[in-house]
Every structure is written in structure tokens, then in C-alpha cells.
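Please look over the sequence and the 3D structure below. A short report follows.

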Amino acid sequence: MKITLFGMAKELVGQPEIYLEDTSGIKQVKDVKARLKKEYPAFEKLPTMAIAVNVNFAQDDDPVTDQDEVVVIPPVSGG
């Protein structure tokens, strides 16, 4: 599963994309978040993170598959 990272998420991991080889157990957005925090502990530093699936913001209970376009969007501030 390819996951694109933006902003602080990209900076914490040090790359713009990551790949999850073993996606067994990933059925919902909350599973993606849990796996990211397990495999990349730096994600624990984010106070929140939004996930977009196929260009739409997703809720934790929304389904996700290997074929979906998954994006991590960390908190953004500005004026």
C-alpha cells in the first residue's frame, strides 16, 4: 500500500512516500493509522492526522484497500 505524506508527516519520516508491504489486518482507516504509528514511531509526535482516501477526507471507520490512494495530512496552521 502506497501512502503519500505531506507537511510535518513527511518531515518526521524523512521521505514523501512510504510503502506498507504487508497489509493484512488493514481494513479501515483506523488500521492504517495504527500501523503507521507502529512502524514509524515518529507519527506519535503528531497531535492529530487526517487521512484522505481517493482524494476524500476519510473517517476512522471508512474502508480502505491496497488499491486506494492514501494520503496523510498532518495539522496545518496559518493565517
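## The core

Which residues have the most contacts inside the largest nonpolar core? They are Met 1, Ile 3, Leu 5, Val 32, Phe 43 and Val 72, in a core of 20 residues. A nonpolar core is a set of buried Ala, Val, Leu, Ile, Met, Phe, Trp, Tyr and Cys residues joined through side-chain atoms within 4.5 Å. Buried means under 20% relative accessible area, exposed means over 50%, and partly exposed lies in between (1.4 Å probe, protein chains only). Strand 1, helix 1 (7–13), helix 2, strand 3 and strand 5 each give two or more residues to this core. Helix 2 gives the largest share, three residues. Helices (H or I, at least four residues) and strands (E, at least two) are DSSP runs, numbered from the N terminus.

Take Ile 3 as one example. Leaving out residues up to four places away in sequence, Ile 3 touches Pro 16, Glu 17, Ile 18, Leu 20, Val 32, Leu 36, Val 70 and Val 72. Contact here means heavy atoms within 4.5 Å.

## Basis of the model

This is a predicted model: local features need pLDDT of at least 70, side-chain atom pairs count only at pLDDT 80 or more, and totals for chains, interfaces and linings use all residues. Residues are numbered from 1 along each chain as its sequence is written, and side-chain values use heavy atoms, with hydrogens and water left out.

Five strands form an open sheet in the order 2-1-5-3-4, with mixed pairing. Strand 2 and strand 4 are the edge strands, and each pairs on one side only. Two strands pair if DSSP finds at least two bridges between them. Direction ignored, neighbouring strands of this sheet are turned by 30° against each other on average.

Strand 3 and strand 5 pair in the antiparallel sense, over four bridges. Ala 52 has Val 71 in strand 5 as its bridge partner.

## Helix 2

Helix 2 covers residues 29–39, and its buried residues are Val 29, Val 32, Lys 33, Arg 35 and Leu 36. Seen down the helix axis, they fall within an arc of 165°, so they line one face of helix 2. The arc is that of the directions from the helix axis to the C-beta atoms.

These buried residues pack against strand 1 (2–5), strand 2 (17–19), strand 3 (50–53), strand 4 (56–58) and strand 5 (70–73). Helix 2 lies across these five strands and runs at about 125° to strand 3. Axes are lines fitted to C-alpha atoms, for helices over the stretch in contact, and angles run from 0 to 180 degrees between N-to-C directions.

## The aromatic pair

There is one aromatic pair. The ring centres of Tyr 40 and Phe 43 are 6.3 Å apart and the planes stand at 90°, so the pair is edge-to-face. Rings of Phe, Tyr and Trp (its six-membered ring) pair if their centres lie within 6.5 Å; planes under 30 degrees apart count as stacked, over 60 as edge-to-face and the rest as tilted. Tyr 40 is partly exposed at 22% relative accessibility. Phe 43 is buried at 1%.

## Loops

Asn 54 and Val 55 sit in the loop between strand 3 and strand 4. Asn 54 is not a glycine, yet has a positive phi of about 55°. Val 55 is not a glycine either, and has a positive phi of about 65°. Asn 54 is partly exposed at 34% relative accessibility, whereas Val 55 is exposed, with a relative accessible area of 68%.

Gln 67 is in the loop between strand 4 and strand 5. Gln 67 is exposed, with a relative accessible area of 68%.
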